[in-house]
Amino acid sequence: MTDLAWIDGALTSARPQAIGALLRYFRDLETAEEAYQDACLRALKAWPQNGPPRDPAAWLIMVGRNAALDSKRKLSRQDELPSEDLLSDLDDVETPMAERLDTANYRDDILRLLFICCHPGLPATQQIALALRVVSGLSVKQIARAFLVSEAAMEQRITRAKRQVGAGDTPFETPTPEERDARLLAVMAMIYLVFNEGYSTAAKDAAARIPLCDEAIRLARLLQRLFPSEPEVMGLTALLMLQHSRAAARFDADDAVILLEDQDRSLWNRELINEGLALIDKAMRHNQPGPYQVQSAVAALHARARRAADTDWVQIEALYRALEQMQPSPVITLNRAVAVSKVSGPQAALDLIAPLEAPLGGYFHFHGTRGALLLQLGRTAEARTAFDRAIALANTVAEAAHIRQHLDRLMADSATG
Amino acid sequence: MLYALLCYNAEDVVFSWSQAEDDAVMDRLNKVHGKLHDAGKLGPALRLMPTTAAATLRKSDPPVVIDGPFAETKEQLLGFYVVDVENLDEALAIAKDLGQANPGGSYEIRPIRLFLPGNFPQDAADQDLAATEPA
């Protein structure tokens, strides 16, 4: 039995490898995508009749390549195409050959395909859109919905991105180990961007954008299968899973953000948490800490705390300190300040973030955090000013709604007090 | 007679299922589980996490830990253990102990996603197995 749902799943999961290999043959993204599309159409006809091939990706690569070569030949000579059966019927002699041809390059093909989407000339949002279209195979309509723009606008954005990438100069030779490392880093960052695009969103849009988070996790798993011994890839995958595990607990009925410490932890997805924790265990054995591992370790400490009060803030503060040294950034210091406030009190945290006013003055979370610390110290007038600035800088309705709750509480307190 | 049914499928396909698709499959399976359960025929059943979460201990001397699943096709699956541990290191320590008692081959250590304890009466399982032992 080869039902359509099975074929759909097989086509989706074979897609990165198939397009990656076709891209290596044709050295042109457009041709590779068309060849893959062609192969998919043939698969939809051939697989229900003949049963699924042993290796769907190898089948798609061979059929896609043959079809593209034939249509090129047809264009140049106006010859008649071979019959459908001839094109799509790969017997068992050819299939192992296709496997030998392509699995040797499997890893670099997929990495190259992902890397092409990280073209430095492309703004982050276009990198994400391109990866979702080309690697994940989401429709333009689905991507447009996730980015809350019109289909026509997204179509245009992707076409422009493809043109820019097409003019790029990613070499098709097998990369050196250094090149491979550099590509891997860029691809990890892009996958994290895909995730964040889905994660940093308002509740009412969350349903449309959750596919981005799922897709990012799928891409991270794919990357992990390509690089099974890279602790940072394990760290990235774990980080995405641990953050996504809280999806069902992040918004209240009024679309306001619920802070980690106020979330109903019974809504957290234990399966995702356990998988993330298992990956961190694996990564730690390598003794090669990196930023994704440290961030996932922070997320793991939150996930392990059954109640907010059980959170190991001392350890979290130490992890943020380690992260600050790996990647000095005012945003990380701001995160550390939250941990410091739990360990050493609000004044120590306020002292820590005082020098951040200049770099983070236009950042919503800076003023939100500062307001909360001032509030804890009873400096209500200053807290109110900080919250007002935060609201003015909020990116989403949910962020603004969350701060407004603080302000409402302040108003209520001053009315009763 | 006791049989183990080992489940094989393309994991990248299965782990690409949406929550709704996954739930639908589990619903259908649970109906089958229910029938078996009522008939007293269902022993422990489990669903594993994907191979990306696996590590493998090769029982060489000294034993070597490799990231990822067991990949050797010349050896066959001959049995498995379910252990309740704090973390991967503890599971690996147990695997090393077992490996000293029974050298050769490998243990793939894979976290479990879903565990159903089953409802065999223990003595029924004992009798069943005793009947197959050589006199």
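This is a predicted model: local features need pLDDT of at least 70, side-chain atom pairs count only at pLDDT 80 or more; totals for chains, interfaces and linings use all residues.

1. Residues are numbered from 1 along each chain as its sequence is written, chains are lettered from A, and side-chain values use heavy atoms, without hydrogens and water.

2. Chain A is divided into domain 1 (4-104) and domain 2 (106-225), with bounds from an automatic or database domain assignment. Domain 1 of chain A brings 18 residues to the contact and domain 2 of chain A brings 17 residues, contact meaning heavy atoms within 4.5 Å.

3. About 1500 Å² is buried between domain 1 of chain A and domain 2 of chain A, and carbon and sulfur atoms give 60% of that. Buried area is the accessible area (1.4 Å probe) that two parts lose on being put together, summed over both. In domain 1 of chain A, the residues losing the most area to domain 2 of chain A are A:Arg15, A:Pro16 and A:Leu29, together 32% of what that side buries.

4. Two salt bridges are counted between the domains (a side-chain nitrogen of Lys or Arg within 4 Å of a carboxyl oxygen of Asp or Glu). A:Arg24 forms a salt bridge with A:Asp109, with 2.7 Å between the closest N and O atoms.
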